[in-house]
Amino acid sequence: MRSIGRLGQMLGLGLPALAVVLELNRSISLGRMLVILVAAVCCFWIGRILEGLASSSSTD
(Lines give C-alpha, C1' and ligand atoms only; values in the text may rest on other atoms or scores of the structure.)
Protein backbone atom coordinates (compact mmCIF):
# COMPACT_ATOMS: atom_id res chain seq x y z
CA MET A 1 0.00 0.00 0.00
CA ARG A 2 2.96 2.28 0.61
CA SER A 3 4.13 1.94 -3.00
CA ILE A 4 0.64 2.80 -4.29
CA GLY A 5 0.73 5.91 -2.11
CA ARG A 6 4.15 6.89 -3.44
CA LEU A 7 2.92 6.34 -7.01
CA GLY A 8 -0.03 8.64 -6.34
CA GLN A 9 2.29 11.30 -5.01
CA MET A 10 4.60 11.07 -8.00
CA LEU A 11 1.61 11.25 -10.32
CA GLY A 12 0.39 14.30 -8.42
CA LEU A 13 3.77 15.96 -8.83
CA GLY A 14 4.13 15.10 -12.53
CA LEU A 15 0.68 16.07 -13.76
CA PRO A 16 1.05 19.85 -13.23
CA ALA A 17 4.20 19.97 -15.35
CA LEU A 18 2.47 18.02 -18.10
CA ALA A 19 -0.59 20.29 -17.90
CA VAL A 20 1.52 23.44 -18.19
CA VAL A 21 3.43 22.08 -21.20
CA LEU A 22 0.20 21.04 -22.93
CA GLU A 23 -1.36 24.46 -22.28
CA LEU A 24 1.71 26.28 -23.58
CA ASN A 25 1.53 24.21 -26.77
CA ARG A 26 -2.15 25.15 -27.04
CA SER A 27 -3.12 21.46 -26.93
CA ILE A 28 -5.57 22.03 -24.08
CA SER A 29 -7.53 25.02 -22.87
CA LEU A 30 -6.89 26.91 -19.67
CA GLY A 31 -9.97 25.37 -18.09
CA ARG A 32 -8.75 21.85 -18.81
CA MET A 33 -5.35 22.74 -17.37
CA LEU A 34 -6.99 23.85 -14.12
CA VAL A 35 -8.99 20.62 -13.96
CA ILE A 36 -5.76 18.64 -14.36
CA LEU A 37 -4.13 20.71 -11.62
CA VAL A 38 -7.01 20.01 -9.20
CA ALA A 39 -6.83 16.31 -10.09
CA ALA A 40 -3.09 16.39 -9.40
CA VAL A 41 -3.64 17.87 -5.95
CA CYS A 42 -6.22 15.17 -5.22
CA CYS A 43 -3.86 12.42 -6.42
CA PHE A 44 -1.07 13.76 -4.25
CA TRP A 45 -3.19 13.97 -1.10
CA ILE A 46 -4.77 10.55 -1.61
CA GLY A 47 -1.28 9.14 -2.11
CA ARG A 48 -0.07 10.86 1.03
CA ILE A 49 -2.98 9.48 3.04
CA LEU A 50 -2.37 5.95 1.72
CA GLU A 51 1.32 6.17 2.52
CA GLY A 52 0.54 7.41 6.03
CA LEU A 53 -1.96 4.62 6.60
CA ALA A 54 0.57 2.04 5.42
CA SER A 55 3.28 3.29 7.75
CA SER A 56 0.92 3.56 10.75
CA SER A 57 -0.42 0.04 10.26
CA SER A 58 3.07 -1.44 9.92
CA THR A 59 4.14 -0.07 13.33
CA ASP A 60 1.25 -1.78 15.18
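Good morning. Before I describe them, a word on the source. The model is predicted, so local features need pLDDT of at least 70 and side-chain atom pairs count only at pLDDT 80 or more, while totals for chains, interfaces and linings use all residues. Residues are numbered from 1 along each chain as its sequence is written, and side-chain values use heavy atoms, with hydrogens and water left out.

Let me begin with the overall fold. The C-alpha trace spans about 50 × 15 × 10 Å along its principal axes. The radius of gyration of the protein chain is 14 Å, whereas a compact globule of 60 residues would have a value near 10 Å; the radius is taken over C-alpha atoms, and the globule rule is 2.2 Å times the number of residues to the power 0.38. Of the 60 residues, 22% count as buried. Here buried means under 20% relative accessible area, exposed over 50%, and partly exposed in between, with a 1.4 Å probe and protein chains only.

I now return to the salt bridges. Which residue does Arg-6 meet in a salt bridge? The partner of Arg-6 is Glu-51, at 2.7 Å from N to O. Arg-6 lies in helix H1 (residues 2–24) and Glu-51 in helix H2 (residues 30–58), so this pair ties together parts that are 45 residues apart in sequence. The two side chains can be described by their accessibility as well. Arg-6 is partly exposed at 47% relative accessibility, whereas Glu-51 is buried at 11%.

The second salt bridge joins Arg-48 to Glu-51, with the closest N and O atoms 3.9 Å apart. Arg-48 and Glu-51 are 3 residues apart in helix H2, and therefore separated by about one helical turn. Arg-48 is partly exposed, with 40% relative accessibility. Taken together, Arg-6, Arg-48 and Glu-51 are linked in a network of salt bridges.

Next, the nonpolar surface. Met-1, Ile-49 and Leu-53 make a nonpolar surface patch of about 310 Å². Patches are made of residues with over 30% relative accessible area and no salt bridge, where like charges are joined within 9 Å and nonpolar side chains (Val, Leu, Ile, Met, Phe, Trp, Tyr) within 5 Å. The areas come from the Shrake-Rupley method with a 1.4 Å probe, and for residues only the protein chains shown count as cover.

I turn to the cysteines. How many disulfides does a search of the whole structure find? The count is 0, a disulfide being a pair of cysteine sulfur atoms within 2.5 Å. The sulfur of Cys-42 has its closest cysteine sulfur in Cys-43, 7.2 Å away, which is too far for a bond. Both residues are partly exposed, Cys-42 at 42% relative accessibility and Cys-43 at 26%.

The aromatic residues come next. The count is 1 aromatic pair, under a rule by which rings of Phe, Tyr and Trp (its six-membered ring) pair if their centres lie within 6.5 Å, planes under 30 degrees apart being stacked, over 60 edge-to-face and the rest tilted. The pair is Phe-44 with Trp-45, and because the ring centres are 6.1 Å apart and the planes stand at 85 degrees, it is edge-to-face. Phe-44 is partly exposed at 25% relative accessible area, while Trp-45 is exposed at 52%.

Finally, some distances across the model. Met-10 belongs to helix H1 and is exposed, at 52% relative accessibility. From Met-10 to Arg-26 the C-alpha separation is 25 Å, for 16 residues in sequence. Leu-34, by contrast, lies in helix H2 and is partly exposed at 45% relative accessibility. Leu-34 and Met-10 are 24 residues apart in sequence and 18 Å apart in space, C-alpha to C-alpha.

Thank you for your attention.

Technical notes:
A salt bridge is a side-chain nitrogen of Lys or Arg within 4 Å of a carboxyl oxygen of Asp or Glu. Helices (H or I, at least four residues) and strands (E, at least two) are DSSP runs, numbered from the N terminus.
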